[in-house]
Number of protein chains: 2
Amino acid sequence: MGRIQLVPSLAVDSGGWTSSKGYMNEIRTHSGVTLEDVAKAAGVSRSQASRALRNDPGVREDTKAHILATALKLNYTPNLAAQTLASRQSRAIGIVVGDILNPFEALLARECDQALRQTGYFAMLAVDGNVSSVRAFVDQRIAGLVLIGTPEETDDIVSASKLLPTVYVGRDLKAEGVESVSSDDTLGARLATEYLLKLGHREIAHVSGGHGAGARRREAAYRETMREGGLQPIVAAGRYNVDAGSAAADTLMARKKRPTAIFAANDLIALGVISRLAWLGYRVPDDVAVIGFDDIPLAASEPISLTTVRQKVPDMVSAAIDTVMKRLDDPAAPIRNMVVAPELIVRRSSGTEL
Amino acid sequence: MGRIQLVPSLAVDSGGWTSSKGYMNEIRTHSGVTLEDVAKAAGVSRSQASRALRNDPGVREDTKAHILATALKLNYTPNLAAQTLASRQSRAIGIVVGDILNPFEALLARECDQALRQTGYFAMLAVDGNVSSVRAFVDQRIAGLVLIGTPEETDDIVSASKLLPTVYVGRDLKAEGVESVSSDDTLGARLATEYLLKLGHREIAHVSGGHGAGARRREAAYRETMREGGLQPIVAAGRYNVDAGSAAADTLMARKKRPTAIFAANDLIALGVISRLAWLGYRVPDDVAVIGFDDIPLAASEPISLTTVRQKVPDMVSAAIDTVMKRLDDPAAPIRNMVVAPELIVRRSSGTEL
DNA sequence: GTGAAAGCGCTAACAT
DNA sequence: ATGTTAGCGCTTTCAC
């Protein structure tokens with residue numbers, strides 16, 4: 001605490017803001033106080049006041065302190081519009097979320113929102129992510145763009161990335177030349193499959209997540225791991241949602257040789273699998289062990305207690321923000337495509353050794 | 001379609017924008033074209049261009065048409081910062097969401113985001129809703145505020161509402177003098193309880209949602225309906241989440257006289273109840289009928305198929321936006337507290353008549 | 001109906 | 001290290 005949101009200029013420790021009660025917990029409108037007022041009250045020029053407030057070099061320490069104190073006393077808040085207009089660059093970062101109802105995307109979005117506030121920039125979110133949201137942001141001259149699960153069409157992402165610092169979170173876009181941060185799908189799927197193998201399962205099925213690159217990587221890694229174990233892969237085609245999991249459970253349990261373990265391409269699918277298994281009269285994990293992917297909050301809940309491959313959201317987000325910030329001060333920086341290693345979180349749904 | 005986001009000035013039918021392909025599907029940065037350029041190209045003054053673009057009265061129809069066409073041709077995009085600075089009012093509406101991981105709040109947020117784009121205003125979202133988000137928005141001189149499930153402390157809401165047009169969605173804040181849109185909790189709880197009664201259930205339990213006003217109203221309505229039916233209410237104290245539902249299921253099924261139906265204060269609780277019941281070996285709806293509240297997307301999924309009291313999100317949101325818009329052009333308008341009637345959506349989880 | 005002029009509140013050369 | 005001078009791109013009186 002002790003920092004003021006959106007006013008990086010005042011972020012230096014000024015010793016005047018009580019972090020307990022006081023200003024921090026009040027909501028006050030723009031006082032009507034301008035930089036001019038602060039300068040006048042502090043007995044300096046507008047430029048010096050501006051420099052001090054923005055922590056620009058070339059201001060004597062004591063002058064700066066005095067100006068800051070004055071600003072504080074007058075309850076000064078910079079006018080963002082004026083700042084943006086004069087400096088020709090805003091401190092807003094647009095976050096476009098494809099499907100905010102997808103818990104994993106919501107998780108990423110929330111983390112971005114929070115992480116951004118630490119940087120002196122602030123987030124503008126659009127949750128019905130599509131091209132028009134991106135365009136609206138561009139029109140607002142935002143400084144950078146964070147794309148989460150949207151838009152589907154890679155073309156739009158590519159064009160966006162040519163206009164302003166852009167990073168895509170959750171998918172690897174190296175091929176398209178767009179900066180991105182994603183999880184290592186291959187490693188994640190291996191982790192899950194190998195764990196099931198280690199528990200002694202032989203009939204391990206996989207419910208896929210569709211035809212996206214990530215889903216295909218997960219499926220491929222599952223297949224490879226199975227083959228390495230000398231086992232026959234069993235794949236039920238699915239999509240990243242609950243209903244697909246439910247349908248897959250039906251298909252899988254209808255086989256003559258029923259699987260004793262199911263690795264779902266994501267947690268939503270796993271939830272569908274579990275719910276449907278219960279309906280069919282099978283017990284998880286006693287009859288069937290289940291593992292998911294993502295680690296959405298629901299997975300950790302007591303009645304679900306889903307073993308899953310956790311995508312490290314905080315790591316991914318901080319990498320993403322870092323990427324945007326880097327590019328912001330060096331547009332010529334090399335394009336980075338970061339891949340974060342996921343980890344297996346063992347809970348009840350995977351059961352114990354057979 | 002045929003409208004340009006964020007540029008209400010150009011929103012008049014200009015006949016120049018192809019709604020299929022064309023400009024609408026391209027992303028282009030700010031052309032660098034200013035109002036000055038448009039005016040010059042159209043052979044008029046900056047003021048006239050400004051008026052025409054904003055649909056101000058006092059511009060001859062043909063002049064206006066000409067200016068609009070020119071702007072279009074030059075691919076002009078107004079500089080939002082300049083507009084805000086000069087007019088001293090922005091077209092941004094802040095949406096603060098308390099918990100974006102709550103599907104119901106996400107539903108409201110998404111709807112708001114979409115609805116707002118139709119109004120000429122645009123949404124700025126903060127998803128880690130707390131007072132500081134509100135303050136940050138105020139500092140940005142947003143035009144209005146939509147609060148969704150946040151902040152907990154009513155004081156902050158009240159102070160926010162004094163600063164700028166504010167509406168709270170999802171809770172009734174009449175007592176606090178803050179405009180709000182909410183669902184009729186009493187009606188909703190009655191609907192659910194009466195339906196269970198009608199099916200022939202006698203041992204109907206309720207899992208409450210805590211101590212908030214809404215949760216208390218739901219519980220009260222449940223109790224009253226039970227008493228009217230000559231039955232003894234059975235209440236398990238809970239909170240609006242999955243784990244509470246799970247715990248409540250344990251408690252309830254441990255009773256000597258087990259309930260044959262459970263009305264959960266919201267869908268998340270219901271999900272917890274259902275999951276736990278499955279674990280305990282009970283079948284839904286055969287052994288226990290379950291009804292929720294909210295109608296989150298998960299409720300409609302095949303394996304869950306939850307009967308629930310649907311809060312009419314689109315109605316609530318359009319009422320909320322309408323409220324903000326009304327107050328925007330008349331700060332003295334009477335305070336409105338709208339209550340929307342929910343409806344019972346019958347699915348599999350409530351079973352059939354006993 | 002139209003144009004000229006004066007800012008909005010700030011940043012960024014350019015001086016000193 | 002500090003002050004002076006121009007704008008940033010738009011809206012908005014105020015004249016005509």
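**Exercise 1. Find how many residue pairs are in polar contact across the interface of domain 2 and domain 3 of chain A, and describe the domain 2 side.**

Across the interface of domain 2 of chain A and domain 3 of chain A there are three residue pairs in polar contact, both residues being at pLDDT 80 or more. A polar contact here is a pair of N or O atoms within 3.5 Å; within protein, one must be able to donate a hydrogen and the other to accept it, and residues adjacent in sequence count only if both atoms are side-chain atoms.

The next step is to see which elements take part: α5 (103-117) and α13 (313-329) of chain A each supply at least two residues of the domain 2 side that touches domain 3, and α5(A) gives the most to that side, with three residues. Helices (H or I, at least four residues) and strands (E, at least two) are DSSP runs, numbered from the N terminus.

By class, the side of domain 2 of chain A that touches domain 3 of chain A has five nonpolar, one polar and one charged residues, where Ala, Val, Leu, Ile, Met, Phe, Trp, Tyr, Cys and Pro count as nonpolar, Asp, Glu, Lys and Arg as charged, and the others, Gly among them, as polar.

The model is predicted, so local features need pLDDT of at least 70 and side-chain atom pairs count only at pLDDT 80 or more, while totals for chains, interfaces and linings use all residues. Residues are numbered from 1 along each chain as its sequence is written, chains are lettered from A and ligands numbered from 1 in the order in which they are written, and side-chain values use heavy atoms, with hydrogens and water left out.

**Exercise 2. State what area is buried between domain 2 and domain 3 of chain A, and which residues of domain 2 lose the most.**

The domain assignment, which is automatic or from a database, gives chain A domain 1 (8-87), domain 2 (92-183 + 313-340) and domain 3 (185-311 + 344-350).

Buried area is the accessible area (1.4 Å probe) that two parts lose on being put together, summed over both; between domain 2 and domain 3 of chain A this is about 750 Å², of which carbon and sulfur atoms give 60%. In domain 2 of chain A, the residues that lose the most area to domain 3 are A:P103, A:F104 and A:S183, together 58% of what that side buries.

**Exercise 3. Describe how chain B meets chain A, with the number of salt bridges.**

Counting contacts (heavy atoms within 4.5 Å), 70 residues of chain B touch 71 residues of chain A, and the area buried between the two chains is about 5,800 Å².

The count between chain B and chain A is two salt bridges, each a side-chain nitrogen of Lys or Arg within 4 Å of a carboxyl oxygen of Asp or Glu. One of them joins B:E302 to A:R276, with the closest N and O atoms 3.7 Å apart.

**Exercise 4. Identify which residues come nearest to DNA strand D.**

Of the 27 residues around DNA strand D, those that come nearest are A:S47, A:R51, B:L35, B:S50 and B:Y76, a residue being near if one of its heavy atoms lies within 4 Å.

A backbone N or O atom of A:A86, by contrast, lies 3.3 Å from a base oxygen of DNA strand D.
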